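Please take a first look at this protein. The briefing below goes from its sheet to single residues.

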Amino acid sequence: MTANVLAFSEGAHDHPLGPAGRVLLVDDAPGARAEIAAILRRQGHEVREAGDGAEALAVIAEFRPDVTLMDVLMPGMGGIEACRRIRALHGPLDLPVIFVTGLDDPASRARCWQAGGNDFLARPVSETELSLRVANLVQLKKHHTLLARRAVELERTVATRTAEV
């Protein structure tokens, strides 16, 4: 798991709401993607888009996002299955997933949490809520990455000093 954490980015610049990061936006509706992407780009985030879960998995391998925003219902591989596959490769702090969907019933929310989602936004999405939730998870992810790097450095230091003894 540590190697996955170390491979992810540290993001570009900061915004008053928090650090900017790399965000993957997954939704089969181009209009919905464009609306959310515009909000995120105004805040300095680097945004990549995917139209379904399978495409998202391919983009994750190449783009290495800090946070993924995922619709639930999409043709092909939906968001729930995509999140399960993400969790098989990345821990919840290595790659946070925020579900963004029109489904707002308790059973749908439970399926999102059970699949490994970190957060949930119901549509229509509030720009302020979207901004704050993304900023919070980007910041949490960056701190997690920093701690993982420091742990690796500490392990190396301990190994070196132990060998010297």
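Two strands pair if DSSP finds at least two bridges between them. Helices (H or I, at least four residues) and strands (E, at least two) are DSSP runs, numbered from the N terminus. The model is predicted: local features need pLDDT of at least 70, side-chain atom pairs count only at pLDDT 80 or more, and totals for chains, interfaces and linings use all residues. Residues are numbered from 1 along each chain as its sequence is written, and side-chain values use heavy atoms, with hydrogens and water left out.

**The sheet**

- Strands of a sheet pair through backbone hydrogen bonds, either parallel or antiparallel.
- Here, five strands form an open sheet in the order 4-3-5-6-7, and the pairing is parallel.
- Strand 4 and strand 7 are the edge strands, each pairing on one side only.
- From one strand to the next, the twist averages 20°. Axes are lines fitted to C-alpha atoms, for helices over the stretch in contact, and angles run from 0 to 180 degrees between N-to-C directions.

- How many residues of strand 3 are buried? Five of the five residues, 22-26, are buried, so strand 3 is largely enclosed by the rest of the structure. Buried means under 20% relative accessible area, exposed over 50%, and partly exposed in between (1.4 Å probe, protein chains only).
- Arg22, Leu24 and Val26 point one way from strand 3, while Val23 and Leu25 point the other way.
- Strand 3 runs parallel to strand 4 (residues 46-50), and five bridges join the two. Val26 has Ala50 as its bridge partner in strand 4.
- Between these strands, the chain passes through helix 2 (residues 30-42), and this β-α-β crossover is right-handed. That term applies if, with the strands pointing away from the viewer, the path from the first strand over the helix to the second runs clockwise.
- Strand 3 is also parallel to strand 5 (residues 67-70), with four bridges joining them. In strand 5, Val67 is the bridge partner of Val23, and Thr68 stands opposite Leu24.

**Helices on the sheet**

- Helix 2 lies across strand 3, strand 4, strand 5 and strand 6 (97-101). Helix 2 runs at about 165° to strand 4.
- Helix 5 (residues 106-114) packs on the sheet and touches strand 6 and strand 7. The direction of helix 5 makes about 145° with that of strand 7.

**Two buried residues**

- Asp119 lies in strand 7 (residues 119-122). Asp119 is buried because its relative accessible area is 14%.
- Not counting residues up to four places away in sequence, Asp119 touches residues including Val97, Phe99 and Trp113. Contact means heavy atoms within 4.5 Å.
- Ala20 sits in the loop between strand 2 (18-19) and strand 3. Ala20 is buried, with a relative accessible area of 1%.
- Ala20 and Glu46 are 26 residues apart along the chain, and their C-alpha atoms are separated by 7.7 Å.

**Cysteines**

- A disulfide is a pair of cysteine sulfur atoms within 2.5 Å. By this rule, the count is zero.
- Cys83 is buried, at 0% relative accessible area. Cys112 counts as buried at 1% relative accessibility.
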